[in-house]
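Here are some notes to read alongside the model.

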Amino acid sequence: MARIQTFNKIAAEGIALLEARGHQVGPDVHDPDGILVRSAKLQDITFGPSLRGIARAGAGVNNVPVSRCTEEGVVVFNTPGSNANSVKELVVAGLMLSSRKIIEGCQWVQTLDPAKVDVGKEVEAGKSAFGGPEIAGKRLGVIGLGAIGVMVANAGISLGMEVAGYDPYLSVNSAWGLSRSVLRATSLEALLADCDYISIHVPLNDETRGVINADRLNKTKKGARFLNFSRDALVDDQAMVKALKDGTISTYVTDFPTAALLGNPGVIAIPHLGASTPEAETNSAIMAAQQLADFLEQGNIKHSVNFPECIMDGNGGDRIILANKNVPNMVSRITTILAEAELNISDMLNRHRDDLAYNIIDVDQTISAATVEKLQAIDGVVMARVVPGGAG
Ligand SMILES: NC(=O)C1=CN([C@@H]2O[C@H](COP(=O)(O)OP(=O)(O)OC[C@H]3O[C@@H](n4cnc5c(N)ncnc54)[C@H](O)[C@@H]3O)[C@@H](O)[C@H]2O)C=CC1
Ligand SMILES: O=C(O)CCC(=O)C(=O)O
């Protein structure tokens with residue numbers, strides 16, 4: 001049984017999955033082995049020595065201190081694609097909202113006083129103030145063609161738009177999913193200069209922070225509509241407010257309102273609703289719970305953002321999981337200690353990602369605490385634990 005602390009409200013299906021597997025789950029669980037989180041910021045939280053894994057029910061992991069987790073041997077998971085359709089649908093709504101003055105029009109209708117005016121007549125007389133162009137035939141630029149970007153690009157094609165995409169790290173999987181009609185933008189600047197509607201779908205990291213800045217906005221097509229359903233800090237707010245004022249950007253639709261944006265004409269601020277559908281919440285919670293449970297019970301790693309993917313079927317005996325710096329001679333030092341403890345390795349898998357290697361080692365005998373301590377003491381070992389019967 002593992003102890004799993006929840007941050008945020010996690011969909012009941014995810015909690016039920018963990019409880020059905022015998023784990024204790026809830027917001028008040030202390031000394032957790034695992035954490036299940038949505039958008040809560042974990043940066044300021046000190047993790048206890050028992051913590052082994054953090055599962056983010058969602059895509060973005062900028063609320064998790066990933067580098068610190070890696071140093072402490074804590075595996076961080078996310079749930080790629082689990083909420084992509086939900087975001088795509090809201091982006092489609094955002095395209096319409098940015099084009100037609102639907103929000104202003106609805107707000108105006110509510111101001112009409114039926115005691116004083118004929119509402120039907122007033123609506124017909126006043127509606128011309130709220131017109132806006134169709135999106136069909138216009139050009140949509142999609143920055144980042146991952147799970148969400150591919151769906152947005154394909155939706156644009158279905159809606160009769162010309163679509164250009166920019167993603168210097170496009171995966172083979174995404175390329176397979178992308179409509180053949182999507183054009184390739186040669187650079188971010190080319191996309192910005194060419195598109196009537198621009199939607200950004202990249203993770204927030206050191207490379208992308210502030211990627212939409214004053215310089216790039218200056219090169220953006222006059223009057224473009226910009227949609228940000230990814231993260232606030234991708235866009236320089238002050239530069240965006242200036243671009244809205246001088247007409248470079250006609251509408252900024254954001255799922256991440258900030259103080260600097262509120263009250264500025266042209267801003268459509270949505271309270272981070274991209275993944276707020278029952279379908280997305282359920283998908284994400286189940287996927288996160290499943291991945292966390294598989295890791296805590298068996299040491300298997302799927303969809304981690306800091307550890308390599310590593311999955312091995314077991315043989316019913318004890319299993320050691322071990323993470324180490326990816327330097328020469330580590331495997332021999334580990335297996336020497338196991339041999340000295342007269343443990344017979346029945347199966348072993350070693351995978352690496354960047355500077356980190358991860359091992360799953362199944363043995364025929366029971367592993368003692370003293371052996372685990374010797375493994376942990378090897379210079380370069382970040383984490384070593386036994387998963388009792390984990391190879392079962
Ligand atoms: N509004 C909401 O509720 C939600 C927001 N998100 C945000 O959307 C982001 C994207 O989500 P997914 O599509 O699921 O992630 P993903 O990982 O499937 O796709 C991200 C794509 O961005 C590309 N990319 C990375 N750096 C880039 C750069 N400098 N320029 C252009 N492309 C770059 C990657 O190659 C990848 O194809 C998440 O990181 C998260 O911040 C995700 C889900 C819900
Ligand atoms: O859990 C949520 O509502 C946020 C989803 C999100 O932003 C993400 O998956 O990156």
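Which backbone nitrogen does the side chain of D196 reach? That is taken up in point 2, after a word on conventions.

1. **Conventions.** This is a predicted model, in which local features need pLDDT of at least 70 and side-chain atom pairs count only at pLDDT 80 or more, while totals for chains, interfaces and linings use all residues. Residues are numbered from 1 along each chain as its sequence is written, chains are lettered from A and ligands numbered from 1 in the order in which they are written, and side-chain values use heavy atoms, with hydrogens and water left out.

2. **D196.** The side chain of D196 reaches the backbone nitrogen of R139, at 2.7 Å. D196 itself sits in the loop between α8 (188–194) and β9 (197–200); helices here are DSSP runs of H or I with at least four residues, strands are runs of E with at least two, and both are numbered from the N terminus. The side chain of D196 also makes a polar contact of 2.8 Å with the side chain of K221. A polar contact is a pair of N or O atoms within 3.5 Å; within protein, one must be able to donate a hydrogen and the other to accept it, and residues adjacent in sequence count only if both atoms are side-chain atoms. Setting aside neighbours within four places in sequence, D196 is in contact with K138, R139, K221, A224 and R225, where contact means heavy atoms within 4.5 Å.

3. **Ligand 1.** There are 26 residues around ligand 1, and A147, I148, D167, F229 and D255 come nearest; a residue is counted if one of its heavy atoms lies within 4 Å. A nitrogen atom of ligand 1 is 2.8 Å from an N or O atom in the side chain of D255. The backbone takes part as well: an oxygen atom of ligand 1 is 3.5 Å from a polar backbone atom of L145, and an oxygen atom of the ligand is 3.5 Å from a polar backbone atom of Y169.

4. **Ligand 2.** Around ligand 2 you will find R38, S39, R56, G58, A59, G60, N83, R231, H272 and A275. Polar side-chain atoms of N83 and H272 each lie 2.9 Å from an oxygen atom of ligand 2. For R56, a polar side-chain atom is 3.5 Å from an oxygen atom of this ligand.

5. **α3 and α6.** Two packed helices are described by the angle between their axes and the distance between the axes. Helix α3 (residues 84–99) packs on helix α6 (residues 147–158) at about 40°, with the axes 9 Å apart. Axes are lines fitted to C-alpha atoms, for helices over the stretch in contact, and angles run from 0 to 180 degrees between N-to-C directions. The pair is therefore oblique: under 35 degrees counts as roughly parallel, over 145 as roughly antiparallel, 65 to 115 as roughly perpendicular and the rest as oblique. From α3 the contact uses A84, N85, V87, K88, V91 and V92, and from α6 it uses A147, I148, M151, V152 and A155.

6. **α1 and α11.** The axes of α1 (residues 12–20) and α11 (residues 278–298) come within 7 Å and cross at roughly 25°, which means that α1 is roughly parallel to α11. Here E13, G14, L17 and L18 of α1 meet T282, A285, I286, A289, Q290 and A293 of α11.

7. **α12 and α13.** How do the axes of α12 and α13 cross, and at what angle? Helix α12 (residues 330–340) and helix α13 (residues 369–376) have axes that come within 10 Å and cross at roughly 160°, so the two are roughly antiparallel. In this pair, I334, I337 and L338 of α12 meet T371, K374 and L375 of α13.
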